Every structure is written in C-alpha cells, then in structure tokens.
Amino acid sequence: MLPVQPPAQVEVDENRCYVAVNDAACELLGYSREELLRMKIDDVSYPSGAHVDPMYSQYLEDGSMKGIFALRRKSGEILWIRFSAKVANGRSHATWTHYEV
C-alpha cells in the first residue's frame, strides 16, 4: 500500500453523510469537495452500500475501528484504503493513511 500524504481526513454525521473532507480525500476519490459533501459513505463504498449499515452500526457501538475498506473512485476505479476512525460528539472522524488501486 502507498501512503496518503497528507493523510485524508473525512467526517460524517449520524446519517453517514460527509460533512467535512480535506483536499487529500477529494484528490484520492476524484470528487470535488462540493460533490463529496452531497454524498454518503454508501455512495462511494464498494461493492455497494449494502454492507455499510451493519459494519457502521458495529463501529458506532464500539466507538472506534481500524482496518481496510474498499471505495470506488469517481472514475469507477476500485481503491483499497487503510483507515482508522473514532466517534466523537455524534460524528465519525476517519483518517485514511494508505491506499492501493
């Protein structure tokens, strides 16, 4: 996996909608900030958003999560990211540190 420099930072609300994204996240996924802020995690997850709900529910219960997750870039290309995430003040804050295409 290749490092993301600087690390991508994303924040989502209780509905899994992006509410904050940094430039690295936008560049990695190929979307503008405005586009990403109109999207949910489910919209960019691969193979579909169907697996997100149970995984996200467990994450909220645990309060944190680390691992590897597949996303789909705007171009349709599949991207594997290494992430760490935590829940704070009802929002999820995630950092993507490495990726592989």
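In this predicted model, strands β1 and β5 run antiparallel and are joined by seven bridges. Within this pairing, valine 12 has serine 92 in β5 as its bridge partner.

Strand β1 also runs antiparallel to β2, with three bridges joining the two. Here valine 10 stands opposite valine 21 in β2. The hairpin of β1 and β2 has five residues between the strands, and in this hairpin arginine 16 takes a positive phi near 70°.

A further antiparallel pair is formed by β3 and β4 (residues 78–88), which share nine bridges. Methionine 65 stands opposite alanine 85 in β4.

| Strand pair | Sense | Bridges | Facing residues |
|---|---|---|---|
| β1 and β5 | antiparallel | seven | valine 12 and serine 92 |
| β1 and β2 | antiparallel | three | valine 10 and valine 21 |
| β3 and β4 | antiparallel | nine | methionine 65 and alanine 85 |

These pairs belong to an open sheet of five strands in the order β2-β1-β5-β4-β3, with antiparallel pairing. The edges are formed by β2 (18–21) and β3 (64–72), each of which pairs on one side only. From one strand to the next, the twist averages 30°. In general, the strands of a sheet pair through backbone hydrogen bonds, in either a parallel or an antiparallel manner.

Helix α4 (residues 52–62) lies across β1 (2–12), β3, β4 and β5 (91–100).

Terms used:
Residues numbered from 1 in each chain as written. Predicted model: local features only at pLDDT ≥ 70, side-chain atom pairs only at ≥ 80, totals over all residues. Heavy atoms only, no water. Pairing = 2+ DSSP bridges. Helix = DSSP H or I, 4+ residues; strand = E, 2+ residues; numbered from the N terminus. Axes fitted to C-alpha atoms, helices over the stretch in contact; angles between N-to-C directions. Contact = heavy atoms within 4.5 Å.
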